[in-house]
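Hello,

Here is the structure you asked about, with notes on what was found in it. Please read the notes with the model open beside them.

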Amino acid sequence: MRRSWGAAVERAQDRLAAGPRLRAVGPGEERRFALWDLASLVEGELGARVDPDGLAPAAERGWRERLGESGREWPGGELYRRRYWIQDEAGAVAGTVAVDNWTKGPSQLAVSSLYVTPAARGRGLAAAALDEVYAAATAEGLPGFRLEAHWSWQPAVRYYLRRGLWVVGWKRSLSFARMPQLPLHRVREEDGRLLLLVADRLRGWVPILAAGQEGRWLRLDETADYRGCDGWVHEYARSTLALCLALAGRPLVRGPQWWAEAWRWAEAGEPEGLAYRIEEFERTVRAAGRPVVSPYRPVALQGPSALPEPPALPGPSAPPEPASAGCPPPGSPPPEPAPPASPQLADSGDG
């Protein structure tokens with residue numbers, strides 16, 4: 001019998017609407033939700049805090065103009081997701097969250113518009129909302145949830161790591177996930193290195209990766225436990241530790257050869273791929289005329305703008321190229337460098 005993920009998502013949405021901390025946005029509340037969504041964007045992208053319930057029309061227009069494309073309203077664009085109010089202990093509205101009506105990645109619920117008003121932060125409201133989404137997903141056989149955050153939204157990025165979410169990609173923004181297949185993780189500093197540890201029911205916290213520094217380059221070491229981990233941990237451990245390194249202002253690149261191949265991991269994977277993406281993310285923010293406040297240290301080889309590029313594809317008359325050997329497996333020596341070529345987002349400050 002074929003399983004319908006669409007039906008599972010619908011049942012999960014019904015569970016959320018019936019939960020104690022979330023309330024579905026009702027008729028006539030769409031406009032208010034849009035203003036709360038705008039407040040989240042203004043804080044995340046522009047660093048300003050506004051009262052969503054006190055926004056006058058002229059102020060709203062001004063903020064949307066400053067935000068540009070991300071500040072646009074999309075009439076009818078909310079049909080693809082269900083929106084919820086996050087309620088505090090007294091039942092008052094304290095924040096927002098939305099869940100798509102179809103799955104993302106490996107059949108996960110897609111979360112967006114996670115926001116808690118500054119006055120209600122520090123009370124675990126965003127954490128409780130994410131826990132409810134996860135519980136609703138797994139109760140219906142869905143493998144958890146996924147959400148996105150811009151690299152420049154530093155408080156949100158740090159919050160998701162503190163919540164134990166795994167980094168699963170960085171194609172257009174940073175992608176985080178919570179899945180039953182992935183254990184809890186934490187990062188600890190020890191002897192100048194950052195260790196990624198995972199929870200084991202019998203052994204407690206077990207280190208699987210260690211990131212140190214050799215001069216200005218990254219040194220990344222695997223433990224025997226890492227080599228014994230299952231595929232899901234293997235796939236996302238390196239990307240998760242990479243983001244922790246970037247937030248700590250530590251190197252992400254293991255040398256010039258690795259940097260030359262960084263484009264290979266421009267969507268997920270090795271730390272060099274995250275360095276490649278962060279430099280692109282920050283260049284885009286600067287091009288929009290916004291300041292960049294970032295702990296990341298750019299790779300300085302041929303200048304700050306010298307991002308590696310994939311080899312150019314041969315033209316119609318060019319002889320065929322030999323097949324690529326693909327990405328090196330984790331722990332293998334770096335490949336020889338190739339010749340150089342001539343969303344609604346989730347957010348929360350609820351630490």
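A term first: pLDDT is the predictor's confidence in each residue, on a scale from 0 to 100. You will need it, since this is a predicted model. The mean pLDDT of the chain is 86, and 85% of the residues reach 70 or more. Confidence is highest in strand β6 (residues 166-169), at 98. It is lowest in helix α1 (residues 5-17), where the mean is 92. Over residues 315-351 pLDDT stays under 50. For that stretch the model has 83 contacts beyond four places in sequence.

Now the helix packing, starting with α2 and α3.

Helix α3 covers residues 57-67, and its axis comes within 11 Å of that of α2, the two crossing at roughly 50°. The crossing of α2 past α3 is left-handed. On the α2 side the residues that meet α3 are R31, A34, L35, L38, L41, V42, E45 and L46. On the α3 side they are E60, W63, R64, R66 and L67. By class, this contact has 8 nonpolar and 5 charged residues, and no polar ones.

The whole structure has 9 aromatic pairs, and one of them is formed by W36 and W85. Their ring centres are 5.8 Å apart, with 75° between the planes, which makes the pair edge-to-face. W36 lies in helix α2 (residues 30-46) and W85 in strand β2 (residues 81-87), so the pair ties together parts that are 49 residues apart in sequence.

What is the angle between α5 and α7? Helix α5 (residues 154-162) packs on helix α7 (residues 231-247) at about 135°, and the axes are 11 Å apart. These two helices are therefore oblique to each other, and their crossing is left-handed. From α5 the contact uses Q154, V157, R158 and L161, and from α7 it uses T240, L243, C244 and L247. The residues of this contact comprise 5 nonpolar, 2 polar and 1 charged.

With helix α9 (residues 271-287), α7 packs at an angle of about 50°, with the axes 9 Å apart. This pair is therefore oblique as well, and α7 passes α9 in a right-handed crossing. A242, L243 and A246 of α7 make the contact with P271, L274 and I278 of α9. Which classes of residue make up the contact of α7 with α9? There are 6 nonpolar residues, with no polar and no charged ones. L243 of α7 is listed in the contact with α5 and also in the contact with α9.

Regards

Terms used: Residues numbered from 1 in each chain as written. Predicted model: local features only at pLDDT ≥ 70, side-chain atom pairs only at ≥ 80, totals over all residues. Heavy atoms only, no water. Helix = DSSP H or I, 4+ residues; strand = E, 2+ residues; numbered from the N terminus. Contact = heavy atoms within 4.5 Å. Axes fitted to C-alpha atoms, helices over the stretch in contact; angles between N-to-C directions. Parallel < 35°, antiparallel > 145°, perpendicular 65-115°, else oblique. Left-handed = near helix turned anticlockwise from the far one by under 90°. Nonpolar A, V, L, I, M, F, W, Y, C, P; charged D, E, K, R; others polar. Phe/Tyr/Trp six-rings, centres within 6.5 Å; stacked < 30°, edge-to-face > 60°.
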